Amino acid sequence: MYIPKHFCVNDPEQVYSFIEVHGFGQLISQVDGRMSSSHIPFLLSECRTKLFCHLAIQNPQASTIEGQEVLVSLQGAHGYISPSWYSSPGVPTWNYQAVHLYGHCRTMTDSDELAAVVAALTNKYESEFIEPWQPDYNESLLGAIVGFEITICDIQCKYKLSQNRSLADRENLVKQLDAAGSSQLAQAMRDELMLGTTGKGN
């Protein structure tokens with residue numbers, strides 16, 4: 001991923017927090033000489049060195065991914081930026097947050113390992129509900145999926161949030177994004193502005 005210095009995020013805590021919040025993304029690997037992508041949720045290990053996920057056993061990626069270096073692409077808030085929102089000349093652009101993780105896959109077919117991954121993913125997302133669903137399914141269904149442990153070897157994090165523009169322009173962009181209904185991107189820019197004013201930004 002091309003990352004100009006204005007947009008590079010190097011703070012590990014900020015990066016891992018992003019991964020925890022934006023855990024749904026693309027698993028990208030080679031299948032028969034072509035790039036293939038599956039859109040799935042990922043779980044970051046407690047030690048922050050691995051990702052866990054699973055695919056349908058019929059998915060062509062499932063049978064070809066073992067040992068490959070794969071790319072996991074995660075996306076955060078994003079939206080169009082009009083040059084009319086700047087106080088000085090500019091061009092149309094798109095602001096966004098993204099993380100790329102590279103790693104090597106180990107296939108998991110052991111039923112206990114698979115059950116642990118499914119349970120951990122379920123607990124993570126069910127915890128947001130007042131009455132979370134408790135795992136209650138026929139364990140034979142685990143035979144329909146294949147689990148993967150991805151050992152992370154490189155992480156790239158990019159927040160393209162107009163950090164190369166003036167403070168006045170960035171503050172106006174937040175107002176314009178709020179007015180346009182892009183509240184998530186507006187909040188991401190607020191957070192970035194706050195980090196910058198406290199000396200912790202990138």
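Here is a short chat about the strands and salt bridges of this predicted model.

Modeller: Residues are numbered from 1 along each chain as its sequence is written, and side-chain values use heavy atoms, without hydrogens and water. As the model is predicted, local features need pLDDT of at least 70 and side-chain atom pairs pLDDT 80 or more, while totals for chains, interfaces and linings use all residues.

Colleague: Thanks! In what order do the seven strands of the open sheet lie?

Modeller: Strands are DSSP runs of E, at least two residues, numbered from the N terminus, and two of them pair if DSSP finds at least two bridges between them. S2 (34-41) and S3 (43-44) each have a single partner strand, so they stand at the edges. The pairing is antiparallel, and the order is S2-S1-S5-S6-S7-S4-S3.

Colleague: How many bridges join S6 and S7?

Modeller: S7 covers residues 145-160 and pairs with S6 in the antiparallel sense. The number of bridges is 13.

Colleague: Is glutamate 149 buried or exposed?

Modeller: Buried means under 20% relative accessible area, exposed over 50%, and partly exposed in between (1.4 Å probe, protein chains only). Glutamate 149 has 14% relative accessibility, so this residue counts as buried.

Colleague: Which residues are linked with Glu149 in a network of salt bridges?

Modeller: A salt bridge puts a side-chain nitrogen of Lys or Arg within 4 Å of a carboxyl oxygen of Asp or Glu. Glutamate 149 meets lysine 50 at 3.8 Å, N to O, and arginine 106 at 3.2 Å. The network links Glu149 with Lys50, Arg106 and Glu113.

Note on methods: Helix = DSSP H or I, 4+ residues; strand = E, 2+ residues; numbered from the N terminus.
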